[in-house]
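The sequence and the structure are shown first.

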Amino acid sequence: MDTTAPFSRHQRITNTLLLNASFIDNIGLMHGKMGISIYFFHLARETQNRIYKDYAEDLIDEIYEEINTTTPFDFEDGLAGIGWGIEYLAQNGFIDADTDEVLETIDSQLCLSKEQFKGPGLLNGITGLGVYYLSRIQNPHSTNEKTTTFLNKQILIQIIDELELILGNNILKLANSSEDYSLTWDYTILLLFFTEVNQLSLGYHKVDQILQQLIHPFLELIDLPKQHSKCLLLTFAFSRMKYCILPQTLKDSIDKLIQRLLTRLDRLTIANELTSNSSALQKGTSGIVWIYQQLFHITGNSFYQIEESYWKTYSFKLDESSQYLSGLYLGKENEKNVFGLLSGLAGINLIQLWK
């Protein structure tokens, strides 16, 4: 085995991002400068290379300079995702910032723009806005004595009310969606979101009600999703619930469901369900790596660590092409997606160095 190959591809991706990131138009989290900045902050910490940290900080400066009245509000490309990214960097010690001050303008703009978010999803829907406000409240400095914390909690409650209306009788339809596997599948995003809100101890009765409504479709159905990749994603979402405040009988049922889901995790089947030759996060192998990373972190089960290692290696064995960016099957002409976290180079490299 050529042990230099993974490093070689990793460095090619890094060099490509260094050369191109400042020139792309997208400043957002999933496909633009915000997500790429997060990658370079992680790389700087891993390598102790000041060049990468300086570059990451330059990208943050560019983001603030380029925010304008046409910047969208959503989580995918807009203010909600950018704000979440700033919170992530601050809470993980990459930047020293009082986010109540730094994000004051974004807070005020998003507070007035809830109607801009359509549907229940993460990328463009109301859950994306909820994830932003959840991150604001999760900041260790967001104490109950602060006016901003009180306001953020009130907005989160409004978002929960809106989600309840949107979901209505559609939960079963979401759970049984026939769409192809995606890391951002609405159903699992909602499970994870309400799991996080449950642990927040917000004291709002609807949180537990909606969470239990979301859980029940797979507890009551005999059939699991046909796609093994979706079963893996559900294994992660339900495993995360072990920290929720739920009745013990419900937790026992979830444990049995997880055991059923684990019988549907076949490597070859999962590989065939992913986008061909893709090592991207959203529909490629890096997303599978990330899920196994999370499962090992949650459970400490060495099986998940073995699978993580397998998929990391598998990602770097995918076919290369001299006609595509960094040897990967990513065409530079699709600039909106090719450099960022969700379906581009930054996400691929970030998952490889994430511990």
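The second largest pocket of this predicted model has a volume of about 380 Å³. It is lined by 18 residues, and those closest to its centre are S177, E179, T184, W185 and D186. By class, this lining holds 5 nonpolar, 7 polar and 6 charged residues.

Several helices give two or more residues to the lining of the largest pocket, namely α2 (33-47), α4 (79-91), α7 (126-138), α10 (186-199), α12 (228-240), α15, α16 and α18 (345-353). The largest share of this lining, 6 residues, is supplied by α15. The classes in the lining of the largest pocket are 27 nonpolar, 11 polar and 7 charged residues.

| Pocket | Volume | Lining residues by class |
|---|---|---|
| Second largest pocket | about 380 Å³ | 5 nonpolar, 7 polar, 6 charged |

Helix α15 covers residues 285-299 and helix α16 covers residues 302-315; their axes come within 8 Å and cross at roughly 160°. Because of this angle, α15 is roughly antiparallel to α16. The crossing in which α15 passes α16 is left-handed. On the side of α15, the contact is made by T285, S286, I288, V289, Y292, Q293, L295, F296 and T299, while α16 takes part through S302, Y304, Q305, E307, E308, W311, K312, Y314 and S315. The residues of the contact of α15 with α16 comprise 8 nonpolar, 7 polar and 3 charged.

A further pairing involves α2, another of the helices that contribute to the lining of the largest pocket. The axes of α2 and helix α3 (residues 50-66) come within 8 Å and cross at roughly 160°. The two helices, α2 and α3, are therefore roughly antiparallel to each other. Here α2 passes α3 in a crossing that is left-handed. From α2, the residues making the contact are K33, M34, I36, S37, F40, F41, L43, A44 and T47; from α3, they are Y52, K53, Y55, A56, E57, L59, I60, E62, I63 and E66. This contact of α2 with α3 divides into 12 nonpolar, 2 polar and 5 charged residues.

Technical notes:
Residues numbered from 1 in each chain as written. Predicted model: local features only at pLDDT ≥ 70, side-chain atom pairs only at ≥ 80, totals over all residues. Heavy atoms only, no water. Axes fitted to C-alpha atoms, helices over the stretch in contact; angles between N-to-C directions. Helix = DSSP H or I, 4+ residues; strand = E, 2+ residues; numbered from the N terminus. Parallel < 35°, antiparallel > 145°, perpendicular 65-115°, else oblique. Left-handed = near helix turned anticlockwise from the far one by under 90°. Contact = heavy atoms within 4.5 Å. Nonpolar A, V, L, I, M, F, W, Y, C, P; charged D, E, K, R; others polar. 1 Å grid on protein atoms, 1.4 Å probe; cavity = no way out; pocket = protein on both sides within 12 Å on 5 of 7 lines; lining within 4 Å. Points joined across faces, edges and corners; volume = space filled by probe spheres on them.
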